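Trainee: Could you go through this model with me slowly? I would like to ask things as they come up.

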Amino acid sequence: MYKYNEFDEAFLAERNAQFRAQVGRRIDGSLTEDEFKPLRLMNGVYLQLHAYMLRVAVPYGTLNSAQMRTLALLAEKWDKGYGHFTTRQNIQYNWPKLRDIPDMLDALGEAGLHAIQTSGNTIRNTTADHFAGAAADELTDPRPYAELIRQWSTDHPEFQFLGRKFKIAITGSSADRAVIKAHDVGLQVVEQDGKIGFRVVVGGGLGRTPMIGQVLREFLPQADLLPYLESVLTVYNVLGRRDNKYKARIKITVSENGIDTYRAMTEEAFMAIRGQYDGTDQQLLEEIKTHFATPEFRSAPTDAYDAAYASDPVFRAWADTNLSEHRADGHAIVTISIKAHGQTPGDATAEQMRVMADLGEQYAYNELRISHQQNVILPHVHKNDLPAIHATLKAHGLATANIGLISDIIACPGMDYCALATARSIPVAQEIATRFDALKMEHDIGHLQIKISGCINACGHHHVAHIGILGLDRAGVENYQITLGGDATETAAIGTRTGPGFAYDEIVPAVERIVEVYMAQREGAEETFLETYRRIGMEPFKAALYPEAQKKVA
Amino acid sequence: MARAFTPKVITANDLLEGDVIYFTADDSWTRDMASAELITDEADAQLRLLDAEKQNIRIVGAYLADAKAGPNGPEPTHFREDFRRTGPSNYFHGKQEAEANV
């Protein structure tokens with residue numbers, strides 16, 4: 001994985017020194033809050049409901065064990081002993097003090113991490129498939145391109161004051177695990193005539209106006225990545241609206257002007273910009289690629305794994321849900337659930353972070369990943385090490401066998417922390433997970449994604465959930481709307497609203513009724529919730545959710 | 001007809017700690033909402049907000065929040081202000097934790 005060179009280190013150290021001085025000037029009164037706010041946001045510092053919040057980027061979701069230990073150190077030394085992993089492969093600390101934040105940033109810098117552009121109207125952390133470099137179905141590792149984009153976009157003078165924030169996601173597989181169609185720009189590595197390039201998707205996004213991205217370019221040669229992205233951004237900078245915050249995202253720009261106009265203007269800009277690139281970026285890319293060399297996977301028997309799988313039902317249940325197919329023989333991808341039933345989705349304690357860092361170092365070629373689904377991944381594990389890994393995870397509350405199941409819920413921080421939220425998300429997720437765990441139904445229910453947002457901005461991706469929950473404030477009371485049939489994969493779709501919302505104490509029973517309809521209607525255990533929904537449509541679910549309305553119609 | 005004015009408190013976040021604070025009748029700040037000044041006059045509210053904002057060197061984002069008179073002092077009328085007064089519901093952190101440690 002990428003290791004900072006002298007330039008990177010010096011740049012980050014200088015940037016952190018600048019911010020330290022800015023914090024000092026705010027505290028001594030030289031800067032007003034209006035002057036300071038854009039500066040702190042550029043460095044990932046928010047002011048939330050109860051405290052400051054520091055958002056640290058985990059670039060394209062990849063980190064090594066030393067970096068994970070640094071995240072643990074921050075949690076322990078300057079926060080309340082835990083961190084919250086987010087849907088954009090970042091980690092958030094909910095309780096830092098303003099005076100401490102420069103020290104936190106310096107500690108991060110020493111480990112090759114930063115909080116730059118994790119907020120503000122800039123190009124944010126480029127997210128990637130969390131199985132990148134490991135997945136059996138992958139064409140090529142997308143992370144060198146993500147790192148190239150990170151270096152290009154960091155402190156890019158033209159893109160520091162965009163009309164609105166800008167999010168890029170990249171995948172190297174046709175199976176989309178990075179939700180690329182719900183990003184401002186989505187990139188899929190594809191192959192044409194034996195050459196690597198990108199399918200470029202633009203104008204996707206969730207929030208108050210959810211849209212699925214459209215194809216801007218079917219095939220973009222690898223060498224044209226940066227000039228083409230620069231062209232997309234240049235057109236956005238010119239065409240994007242700045243009169244209305246809610247119409248400023250590129251999805252609105254593309255929608256209002258039409259994809260054909262956007263494409264024509266991008267291609268025109270590209271003609272002018274391409275010549276400014278003299279190949280230096282491609283040299284840099286080649287250098288970056290050396291950092292992402294595939295580990296030398298060992299060849300060994302899997303007898304210990306086979307024996308544990310045959311004899312230990314707890315291990316088997318975990319292996320069945322939390323492992324994914326690896327590209328190398330005898331290996332597996334491990335998803336560590338940080339969603340124990342009843343716990344806050346995405347939270348890990350400092351101790352858990354250290355345990356995962358140790359496992360990464362000992363068994364996973366010193367690599368860890370953060371998924372947009374708020375879990376942690378050991379991307380390269382030999383199967384014979386799995387029984388030992390599972391035993392360690394179990395000892396630290398990290399062996400929950402629920403990946404892809406109903407309790408593997410995405411939830412934004414909601415009104416428990418976020419200044420923008422209109423309702424709580426976390427307790428709803430906790431109660432759903434606890435309820436279905438008590439019913440002992442979740443393995444029987446199978447693959448079902450619930451995603452919860454505590455406001456219309458949709459950080460919890462509720463639009464692309466099989467069952468989406470949106471928390472709102474209705475006349476001073478929390479109220480939860482439900483959407484069904486959303487899809488976050490390559491067949492991306494926005495869910496459909498069921499109807500009127502539910503009160504806080506009605507939302508878990510409502511989810512239960514939806515699941516009951518599915519269980520009653522599915523054609524065997526093989527048919528997933530989403531498949532059943534697509535086959536039978538909304539009506540049976542509506543009938544279960546709103547029996548009174550049905551009576552009136554009858 | 002104009003909407004009737006509902007009582008308010010002035011609240012903000014502390015610059016250094018980041019935690020929730022309330023403006024008192026003697027122009028200082030308290031961490032206890034019950035000790036805040038309950039403002040019942042609309043014209044007064046705007047003037048008091050200006051008073052509060054004079055202290056912008058040590059506070060962030062002062063605003064008027066709906067409140068009502070309770071037996072021990074001002075109380076929130078909206079759940080958002082209730083969370084700000086208490087802390088998050090998933091951990092015993094924030095003000096609820098601070099109070100327990102008194």
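Trainee: What share of chain B is buried?
Mentor: Buried residues make up 31% of the 102 residues in chain B, where a residue is buried if 20 or more other C-beta atoms lie within 10 Å of its own, exposed if 12 or fewer, and partly exposed in between, with C-beta atoms placed from the backbone. Keep in mind that this is a predicted model, in which local features need pLDDT of at least 70, side-chain atom pairs count only at pLDDT 80 or more, and totals for chains, interfaces and linings use all residues. Residues are numbered from 1 along each chain as its sequence is written, and chains are lettered from A and ligands numbered from 1 in the order in which they are written.

Trainee: What is the mean pLDDT of chain B?
Mentor: The mean pLDDT of chain B is 94, and 97% of its residues reach 70 or more; pLDDT is the predictor's confidence in each residue, from 0 to 100. For the complex, the predictor gives an ipTM of 0.95 and a pTM of 0.96.

Trainee: How many helices and strands does chain B have?
Mentor: Chain B has 3 helices and 5 strands, and from the N terminus on its elements run β-β-β-α-β-β-α-α. Helices (H or I, at least four residues) and strands (E, at least two) are DSSP runs, numbered from the N terminus.

Trainee: What order do the strands take in the sheet?
Mentor: The order in chain B is β3-β2-β1-β4-β5, in an open sheet of 5 strands with antiparallel pairing, and two strands pair if DSSP finds at least two bridges between them. β3 (29-30) and β5 (73-76) of chain B stand at the edges with a single partner strand each, so one side of each is left without a neighbour in the sheet.

Trainee: How many bridges join β1 to β2 in chain B?
Mentor: Strand β1 (residues 8-14) and strand β2 (residues 20-23) of chain B run antiparallel and are joined by 3 bridges. B:N13 has B:V20 as its bridge partner in β2(B), while B:T11 has B:Y22. The hairpin of β1(B) and β2(B) has 5 residues between the strands, and B:G18 takes a positive phi near 85° there.

Trainee: Changing topic, how many residues does each chain give to the contact?
Mentor: The contact takes 22 residues from chain B and 23 residues from chain A, two residues being in contact if their C-beta atoms, placed from the backbone, lie within 7 Å. On the side of chain B that touches chain A, the elements that give two or more residues are β4 (59-70) and α2 (79-86) of chain B, and the largest share, 4 residues, comes from α2(B).

Trainee: Now chain A: where is A:Y60, and is it buried or exposed?
Mentor: A:Y60 is found in the loop between β2 (52-57) and β3 (62-63) of chain A, and A:Y60 is buried because 30 other C-beta atoms lie within 10 Å. A:Y60 has a positive phi of about 45° although it is not a glycine. Most residues other than glycine have a negative phi.

Trainee: And where does A:Q89 lie?
Mentor: A:Q89 lies in the loop between β4 (82-85) and β5 (90-93) of chain A, has a positive phi of about 55° although it is not a glycine, and is buried, with 25 other C-beta atoms within 10 Å.
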